[in-house]
Amino acid sequence: MQVSHTPAAVSAAFNDPNLIAHAGLVPVMRLAERCGLSRLVAQKVKLTAAKNGAAASADAKVTSIVGGMAAGADSIDDLHVLRHGAMPAVFAGVRAPSTLDTFLRAFTHGHALQLHAVHRRFLGALAAHTPLLPGSQELAFIDVDSTHKRVYGRAKQGAEYGRFKGIRTLHPLLATICTPHARPVIAGVRMRRGKAADSRGAPKFVSEALATAAEAGCTGTRILRADSQFYNAGVIAACHRAGAHFSITTGMNPSIKRAVHSISHHAWRACRCWSSDPSLTRSA
């Protein structure tokens, strides 16, 4: 079988008013309602100084964005997927992409922190309603790292030339939670300027990530894992305050060498690598 038209002359669109293209959104959004997503947004997100009506119905706008992302939208225009076919007959309160664009553009750093508070409490409720992190009562890993995200608009807040020459980036901190039996879930994201140091703001961010893990039911052993960029006194102190263990890479220097050589041969123990090969490796 062959297509009888040239690619440039063919397009596909879903516009039947009686069909739903993303019926799988129904159980997803029902679960979000059960876990209190709309209620949390209404309580925590307050855009009091926003203009053009951006502050109105924050709960409906956030749930519209979440629903659109679950349906595969990765841009503002893509959020129109929620208005195709019979979707308006199944979901109430869906907002237009232009309205959602105005809403998001009204956000400041403080408003983003309000959304972080929503995420933290929603993740705890989600873990209570579903087997999101099986085994978290025994062992959970909190992984922290930074990354660079290339951006192209010169007006994007925080976008700067940083580590990569000639490339404008944002430089967010990321934290995920996983167990030996569960895939990682996002515990927190903190946006920063593109030229920020890898560990800038890390101690507070680590404290929040460990607290989020506790709210998500990680009541057993919690182990923070990070690379050498996060080897500093503030991060270690945050782990101690939260009662968490840590596994942080450090560069080799004379003091580290002396500390390693001072360890008794009988004090070494086996350590299982949960993330890849389950074979045992020697570790202090």
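Modeller: Helix axes are lines fitted to C-alpha atoms over the stretch in contact, and angles run from 0 to 180 degrees between N-to-C directions. The model discussed here is predicted.

Colleague: Are α2 and α3 parallel, antiparallel, perpendicular or oblique to each other?

Modeller: The two helices pack with their axes 8 Å apart, at an angle of about 130°. Angles over 145 degrees would count as roughly antiparallel, and 65 to 115 as roughly perpendicular. The relation between α2 and α3 is therefore oblique.

Colleague: Is the crossing of α2 and α3 left-handed or right-handed, and which residues of α3 make the contact?

Modeller: Where α2 passes α3, the crossing is right-handed. On the α2 side, the contact is made by L37, S38, V41 and A42. Their partners on α3 are A58, D59, V62, T63 and V66.

Colleague: How wide is the arc that the buried residues of α2 cover around the axis?

Modeller: Helix α2, residues 37-44, has L37, L40 and V41 as its buried residues. They lie on the same side of α2, because the arc they cover around the axis is only 100°.

Colleague: Which helices do the buried residues of α2 pack against?

Modeller: L37, L40 and V41 are the residues concerned. They pack against α1 (25-34), α3 (58-70) and α6.

Colleague: Is S136 buried or exposed, and what is its relative accessible area?

Modeller: S136 is placed in the loop between α6 (109-129) and β1 (139-146). Beyond four places away in sequence, S136 touches T179, G217, C218, T219 and G220. Buried means under 20% relative accessible area. S136 is therefore buried, its value being 3%.

Colleague: Which residue's backbone oxygen lies 3.0 Å from a polar atom of the S136 side chain?

Modeller: A polar contact requires N or O atoms within 3.5 Å. At 3.0 Å from the side chain of S136 lies the backbone oxygen of L133.

Definitions and conventions: Residues are numbered from 1 along each chain as its sequence is written. This is a predicted model: local features need pLDDT of at least 70, side-chain atom pairs count only at pLDDT 80 or more; totals for chains, interfaces and linings use all residues. Side-chain values use heavy atoms; hydrogens and water are left out. Helices (H or I, at least four residues) and strands (E, at least two) are DSSP runs, numbered from the N terminus. Buried means under 20% relative accessible area, exposed over 50%, partly exposed in between (1.4 Å probe, protein chains only). A polar contact is a pair of N or O atoms within 3.5 Å; within protein, one must be able to donate a hydrogen and the other to accept it, and residues adjacent in sequence count only if both atoms are side-chain atoms. Contact means heavy atoms within 4.5 Å. The arc is that of the directions from the helix axis to the C-beta atoms. Angles under 35 degrees count as roughly parallel, over 145 as roughly antiparallel, 65 to 115 as roughly perpendicular and the rest as oblique. A crossing is left-handed if the near helix is turned anticlockwise from the far one by less than a right angle, and right-handed if clockwise.
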